[in-house]
Amino acid sequence: MKWWHRWRRRGAAVVAAAALLLATACGSGVHVAEDGTITLRVAHYMPNSHYLVKNGIEVWMQEVQNRTHGQVEFDYYPAGQLVSAEEMLSSIQSGVVHVGTFVPASTASAELPLTDVLTVPGFSASSTSVLYDAYWDVLRNELYEHEWKEAGLRPTMSMPTGRYQLIIDGPPRHGLADWSGHTIRSVGGVMDFVVQELGSASVNIPGPEEYEALQRGTIDSAVNTLESIVPYRFDEVISSATTNMPIGASLTVMAINQEVYDQLPANVQQAMADASEIAMKSAAEATTAQLKNGIEKTKADVDYYEMTDQELAELEPALTRARERWVAQREKNGDAGQLIVDAWENALVKAEEEAKSPTAANK
């Protein structure tokens, strides 16, 4: 890959520091060489081996370069080598990073409070592809207009990294009574509301500490994605997990500085849009594969079970109350909470219908 050669293995810390100083001095301006080559700084916080890096971010960069015939090149800073996950949003806004990834719920909740609508409970999706298509629809339309534009950001990709489920140190839980009286690790935000409305205590524990908390009995269950079970070895400390609870999903987004985007030629903007579609399809397929492989590897130790329609209906009032609390919290701060929730619901319906269409297989 030609873009990879832009990243020389010659002391990452020194190179990153130099780039940071240069970016600070130059602002968000795009560097254009005499031959017309455009160089953009791309950064993320994930390990190089992460499936969203290999099947999402790197696919996008390669597609952009191919579609512009080398007109666009990238100075690439993976794995937090330029800025940390916590600094990423402000770094994109300032132009230190031209294109970067971040997790809205954990590092941008104050600046982009509506963007974590994906975490709102009560909405289901039949596949990862539906989840991807629906969220991208909302992100580039309603969310862009209501908060991204004002923040100086333009969405480049959205990558839902898995639907939240309940992983349990104990037997499967079914009706509402089964979910009451437990100590459940939450990821924060609206998930605290979900756990509380189920009649349990929510505990905010960082991901790396979740294994030990389950092992010691500090918590007896946790909200997490099923894709996390293998890499975090949760199969050693849990015995069951739901597969179809509609309690939201986690999300990573990639954004470009709006001022930078506006400086790009029309053909480059179009190349980016086309690359996004291809990269998101690749990332969705990789997410599905990650989930299936993880379940296959651990099914001997973990009882993966679907809740029945009747059981889900019994939980629906609690999930509705949690959703209403999320909306009320945002409306109180002057944000269009209900409008975004309605847009999200409509986008899911639209994506489900499109997935069933005869042309869906050719997308």
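This is a predicted model: local features need pLDDT of at least 70, side-chain atom pairs count only at pLDDT 80 or more; totals for chains, interfaces and linings use all residues.
Let me begin with strand β5, residues 153-168, where 14 of the 16 residues are buried, so the strand is largely enclosed by the rest of the structure. Its pairing with strand β10, residues 249-257, is antiparallel and runs over nine bridges, with Met157 standing opposite Met254 of β10. Strand β5 is also joined in the antiparallel sense to strand β8, residues 221-225, by five bridges, and there Gln165 has Asn224 as its bridge partner. Two further bridges, again antiparallel, connect β5 to strand β9, residues 240-242, where Ile167 faces Ala241.

Turning to helix α5, residues 128-148, a straight helix of 21 residues would span 30 Å, yet the end C-alpha atoms of α5 are only 24 Å apart. The helix has a kink of about 45°, centred on Glu142.

Asp137 is buried, with a relative accessible area of 17%, whereas Lys350, at 41%, counts as partly exposed.

The structure holds 16 salt bridges, and another of them joins Glu197 to Arg325 at 3.1 Å, N to O. That pair links helix α7, which holds Glu197, with helix α11, which holds Arg325, across 128 residues. Here Glu197 counts as buried at 19% relative accessibility, while Arg325, at 31%, is partly exposed.

Note on methods: Residues are numbered from 1 along each chain as its sequence is written. Side-chain values use heavy atoms; hydrogens and water are left out. Buried means under 20% relative accessible area, exposed over 50%, partly exposed in between (1.4 Å probe, protein chains only). Helices (H or I, at least four residues) and strands (E, at least two) are DSSP runs, numbered from the N terminus. Two strands pair if DSSP finds at least two bridges between them. The expected span of a helix is 1.5 Å times one less than its number of residues. The bend at a residue is the angle between axes fitted to the seven residues ending there and the seven starting there. A salt bridge is a side-chain nitrogen of Lys or Arg within 4 Å of a carboxyl oxygen of Asp or Glu.
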